[in-house]
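Biologist: Could you take me through this model and tell me how each label was reached? I would like to set the values against the cut-offs.

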Amino acid sequence: MNSLFEDRSLTEQKQLLNGKQVTVNQLLPLKYHWAWEHYLNACANHWMPNEVPMNKDIETWRSHSLTEAERLVIMRNLGFFATAESLVGNNLVLAIFKHITNAECRQYLLRQAFEEAVHSHAFLYIVESLGLNEREVFTMYHAIPAIARKDAFEMNLTAALLDPHFATETLEGAQTFLKNLIGYYVIMEGIFFYSGFAMILSFHRRNKMTGIGEQFQYILRDETIHLNFGIDLINGIKAEKPEIWTSAFQQHILALIQEAVELEIAYAQDCLPQGILGLQPGAFQHYVQHIADRRLERIGLPAQYHAPHPFPWMSETIDLSKEKNFFETRVTEYQAASTLRWD
Ligand SMILES: [Fe+2]
Ligand SMILES: [Fe+2]
């Protein structure tokens, strides 16, 4: 007699959307191995914000050795990320989780939700360490128009799924759901985060504000996996339900990404009205367009901008973050299960 786990029909019954919402998360037999791999990679990258020493940053921030333009770049990015992370976490828990009916994807989503909480924690830790004006940082999401526009763009996508009549069983519903996934994984985590990553990591490259820089490296490493999971999920749903991916819907998504590119270029210009640290505001237009093209290609849409890559060092930073010995200042060793002793 076949055991439960050897029953191939159970694997075949698994689907990304429109399965049972309320049931046990039956991980085995695995069907979507990519989801499990992303989960394992995410766990291998575990970190906590308070492991990163902030002494040097505190010294630099208080010494007034930074220019006003440099301080503006840091403050704007803290203001954007401090609240954007919570929008991603809320969307995962309130809008996405319910509709993804596959166990291995849900396992990843639970891990990702924790990581978004860790990222929010990082911004609270930075604000407290540097003694920044909490109110100023945590109200930028509505006080600064370039941030408010990006956040409103995302919150509309969450709200569309919270309609009590929303369901993914109809073609229109499935398209709205896929639009939410693209809006968060591809646009928020794949485009809206990247000007900020490049700005803050440019400080780190020049050995300034390295505590914040190191936190951003960890966040970038996590977000790279979030983006990769999201792209696998989007392409997985497209493969299972090809009727969703009509040419009209592709045009709609293309327009959405083009709108996001404009919002992100405006955000970069707002953070960086004059050049600093070798970063010129004009370079961000190319950077945002360049990464948007890469994201478009990965979900099967044509590149639109063909812009040069102005920050090749960002690719090196992303590659470096894949190295196992990435942690420079880690002080905590996590206990692996194999080392636990019960005597
Ligand atoms: Fe995050
Ligand atoms: Fe994320």
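Biologist: Why is His-306 called exposed?

Modeller: His-306 has 8 other C-beta atoms within 10 Å, so it is exposed. His-306 sits in the loop between helix H13 (281-298) and helix H14 (312-320), and has a positive phi of about 55° although it is not a glycine. Do keep in mind that this is a predicted model, where local features need pLDDT of at least 70, side-chain atom pairs count only at pLDDT 80 or more, and totals for chains, interfaces and linings use all residues. Residues are numbered from 1 along each chain as its sequence is written, and chains are lettered from A and ligands numbered from 1 in the order in which they are written.

Biologist: What makes Met-209 buried?

Modeller: Met-209 has 23 other C-beta atoms within 10 Å, so it counts as buried. Met-209 also has a positive phi, of about 50°, although it is not a glycine, and is found in the loop between helix H10 (194-205) and H11.

Biologist: How do you know that Leu-17 counts as buried?

Modeller: Leu-17 has 21 C-beta neighbours inside 10 Å, and therefore counts as buried. Leu-17 is placed in the loop between H1 and H2. Leaving aside neighbours within four places in sequence, its contacts (C-beta atoms, placed from the backbone, within 7 Å) include His-99, Thr-168 and Ile-237.

Biologist: Which residues of H2 are buried, and why do they line one face of the helix?

Modeller: They are Ala-35, His-38 and Tyr-39. Seen down the axis of H2, these buried residues fall within an arc of 100° (taken from the directions from the helix axis to the C-beta atoms), so they line one face. An α-helix has 3.6 residues a turn, so residues three or four places apart point the same way. Helix H5 (103-130) and helix H11 (210-240) are among what covers the buried residues of H2, while the face turned away carries the exposed His-33, Leu-40 and Ala-44.

Biologist: What makes the chain agree with a compact globule?

Modeller: The radius of gyration is taken over C-alpha atoms, and the globule rule is 2.2 Å times the number of residues to the power 0.38. With 343 residues the rule gives a value near 20 Å; the chain has 21 Å, so it agrees. The chain has 14 helices and 0 strands, and buried residues make up 40% of its 343 residues.

Methods
A residue is buried if 20 or more other C-beta atoms lie within 10 Å of its own, exposed if 12 or fewer, and partly exposed in between; C-beta atoms are placed from the backbone. Helices (H or I, at least four residues) and strands (E, at least two) are DSSP runs, numbered from the N terminus. Two residues are in contact if their C-beta atoms, placed from the backbone, lie within 7 Å.
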